[in-house]
Structures are given as structure tokens and as C-alpha cells.
Amino acid sequence: MSDHLMRAALDTAARGWHVHPLLPGGKASALHGERSCPRTGECAGGHVKWEARATTDPDRIRAAWGAGAFNVGIATGPSGLVVVDLDIPKEKNGKGSSAAPCGATTFLALCERAGQSWPATYTVRTPSGGMHLYFTTPPGIRLPCTARTVAPNVDTRAWGGNIVAAGSTTPHGAYEVTDDGPAVVLPGWLLQRLQTVPKPASMPAPLLIPGQATRRAEVALERETAAVRATSEGGRNNRLLAGARALGRFVAWGEIPRDVVEEAFQAAGESAGLSTGECRTTIHSALDWSIRTCRLREAA
């Protein structure tokens with residue numbers, strides 16, 4: 001398995017996409033976080049985050065994947081990618097739900113509304129039956145990630161985002177290429193839509209620097225997601241709920257983007273063994289509650 005994953009990492013990097021190791025069978029980064037940073041090697045001058053440590057260097061890739069059967073993550077921002085994640089809605093029992101349209105259905109509706117056909121580009125099928133559509137970013141454009149702001153069950157991964165590469169596996173199945181053609185340039189109609197998605201309301205005078213988060217928010221996110229990953233069966237959902245609620249105030253205060261928090265807890269919850277749908281529902285509910293009920297930052 002480790003040889004297969006190393007080959008997947010090397011093939012992905014050969015496309016010019018920056019890769020980093022994910023936990024075996026999971027979606028969360030296997031790289032150390034700030035709290036456990038040894039301050040050596042790449043981090044000798046201070047902690048370097050996973051996005052900056054992702055690489056296309058074959059020697060570094062062989063060294064990393066030679067140490068274990070790590071899944072392959074792609075840092076979409078440094079790779080010049082925007083990946084459109086078309087998800088399958090899930091019920092709490094983990095089965096598909098017919099009550100809500102899947103991401104592919106809503107994305108097709110967007111295409112038709114724009115008078116465009118479904119774009120032919122590099123595509124990966126996810127274990128849940130969803131799809132990842134890969135696009136290259138136009139020159140001079142820097143896009144953030146989005147979560148359900150483009151359309152129901154449609155997320156995007158760009159700067160600050162991670163996507164699981166083809167060849168990786170989870171307990172639910174494998175990520176498989178369904179269109180091995182090149183990743184084409186993000187269509188103009190979709191670029192325009194991503195540049196005009198509504199931004200969540202923030203508190204006055206936010207501390208957040210665009211594309212970044214305050215240190216205390218990052219530390220809190222790392223601590224809470226680590227606790228979720230370490231929770232055993234029986235308490236996982238409650239721990240996920242508590243962790244997401246703890247981070248909601250930082251989102252409300254403008255100290256960390258909501259989509260960053262959602263992505264981190266989604267990966268942590270799935271690594272702990274929760275279903276995709278269960279994680280999404282719990283995280284969304286917890287953040288909504290926390291943002292709605294938290295105190296003003298000045299009073300906190």
C-alpha cells in the first residue's frame with residue numbers, strides 16, 4: 001500500500017501540484033502542528049504551516065512516503081488550483097438522502113443558468129460518490145475556499161485549502177480518477193461567481209488578516225481538532241459538537257474564517273470514524289449556535 005501511495009504522490013507532484021502527507025486512511029494532515037513543532041529543519045526559523053511545506057520535490061516525497069502509508073493531500077493554493085467539491089448529501093444514519101439535491105445536480109444547474117456545458121477537466125470520484133473538478137487559477141487571481149456559498153453541496157478549495165488526491169483511500173473507499181485530462185482554466189462565469197460570493201458578517205474592527213488567522217484561534221483549532229481525533233467511539237459526536245462550539249466565537253470575532261474551521265473539524269471528525277454527513281450536520285449546527293450566542297469580543 002505504501003508503494004501505491006508513494007506513486008500517487010509522485011504522479012500528483014509531476015502535474016505541478018504540491019503534495020503533503022495525510023494520516024493513513026484519513027483526510028487530516030500527518031504533519032506536525034505549531035504546538036508540537038520541533039523548531040528544526042524547515043521550521044528552524046519558526047513553525048512552517050502545512051500549506052507552505054507541501055512540495056513537488058520527488059526526493060522529499062520519497063522520504064516522506066517511505067516512512068508510512070500516508071494518504072496524499074494537495075495544497076490547492078500553492079498548486080495554482082481551484083477544486084470544486086460536489087458532495088452527496090447524507091442523512092444522520094450515513095445513507096444518501098433524496099431530500100436535497102447532490103452537488104453535481106446543483107452545479108449542472110449553475111452551468112445551464114450560465115449558458116455553459118459541463119466543463120471537461122481533470123476529475124476525481126470520491127468514496128462517497130461525489131466529485132472533485134480540478135481547475136487552474138487564472139494568472140494574478142488568488143481565491144479563498146468557499147463552503148456552500150456557491151450552491152447547495154458545492155464547496156471550493158483554493159488558498160488555505162486541502163483536497164485529497166486520487167489514489168488515497170479511506171474506510172469508505174478510494175479516490176479514483178474519472179477524467180485524466182488536463183485541469184483546464186477556471187471558466188470565466190465560475191470565476192465571477194467565486195469572486196462575488198457573499199461574505200459572512202463579521203464583528204467591527206476584526207483582528208483577522210485576509211487569508212490568515214490569529215494565533216490564539218489557530219491554537220484553539222489545533223487543540224480542539226486533536227481532541228476530536230483522539231476521541232473513541234461513543235463520545236465522538238459530542239466531542240465534535242463541543243469543539244466546534246468552542247471555535248464559533250473566533251469565527252464571530254473575525255479571527256478565523258468559518259470555512260477553515262469547518263474543513264478542519266470535518267477532517268478530524270471523519271478521521272475519528274464519523275460519517276461525512278454526520279460531521280457536516282454537527283459542525284454546521286454547532287457553529288451557528290456559537291456564533292449566534294457568543295459575547296461581543298470586547299466583553300469576552
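## Terms and model

Buried means under 20% relative accessible area, exposed over 50%, and partly exposed in between, with a 1.4 Å probe and protein chains only. Helices (H or I, at least four residues) and strands (E, at least two) are DSSP runs numbered from the N terminus.

The model is predicted: local features need pLDDT of at least 70 and side-chain atom pairs count only at pLDDT 80 or more, while totals for chains, interfaces and linings use all residues. Residues are numbered from 1 along each chain as its sequence is written, and side-chain values use heavy atoms, with hydrogens and water left out.

## Strand E3

Six of the six residues of E3 are buried, so this strand is largely enclosed by the rest of the structure. Leu81, Val83 and Asp85 point one way from E3, and Val82, Val84 and Leu86 point the other way. In a regular strand the side chains alternate between the two faces of the sheet.

Two strands pair if DSSP finds at least two bridges between them. E3 pairs with strand E5 (residues 131-136) in the antiparallel sense over six bridges, and Val82 has Phe135 as its bridge partner there. Four bridges join E3 to strand E7 (residues 154-157), also antiparallel; Asp85 stands opposite Asp155 in E7.

## Thr76

Thr76 sits in the loop between strand E2 (71-75) and strand E3 (81-86). Thr76 is buried, with a relative accessible area of 0%. Leaving out residues up to four places away in sequence, Thr76 touches (heavy atoms within 4.5 Å) Leu81, Val83, Arg157, Ala158, Gly161, Asn162 and Ile163.

## The E1-E2-E8 sheet

Three strands form an open antiparallel sheet in the order E1-E2-E8. Strand E1 (19-22) and strand E8 (162-164) stand at the edges with a single partner strand each, so one side of each has no neighbour in the sheet. The twist averages 40 degrees from one strand to the next.

E1 and E2 are joined by four bridges, and Val19 stands opposite Ile74 in E2. Helix H1 (residues 2-14) lies across E1 and E2, running at about 20 degrees to E2. Axes are lines fitted to C-alpha atoms, for helices over the stretch in contact, and angles run from 0 to 180 degrees between N-to-C directions.

## Cavity

A cavity is a set of points on a 1 Å grid over the protein atoms alone where a 1.4 Å probe fits but cannot get out; lining residues have an atom within 4 Å of a point. The structure holds one cavity of 30 Å³ or more. The lining of the largest cavity consists of Val82, Leu143, Pro144, Thr146, Thr156, Ala158 and Leu194.

How values were computed
1 Å grid on protein atoms, 1.4 Å probe; cavity = no way out; pocket = protein on both sides within 12 Å on 5 of 7 lines; lining within 4 Å. Points joined across faces, edges and corners; volume = space filled by probe spheres on them.
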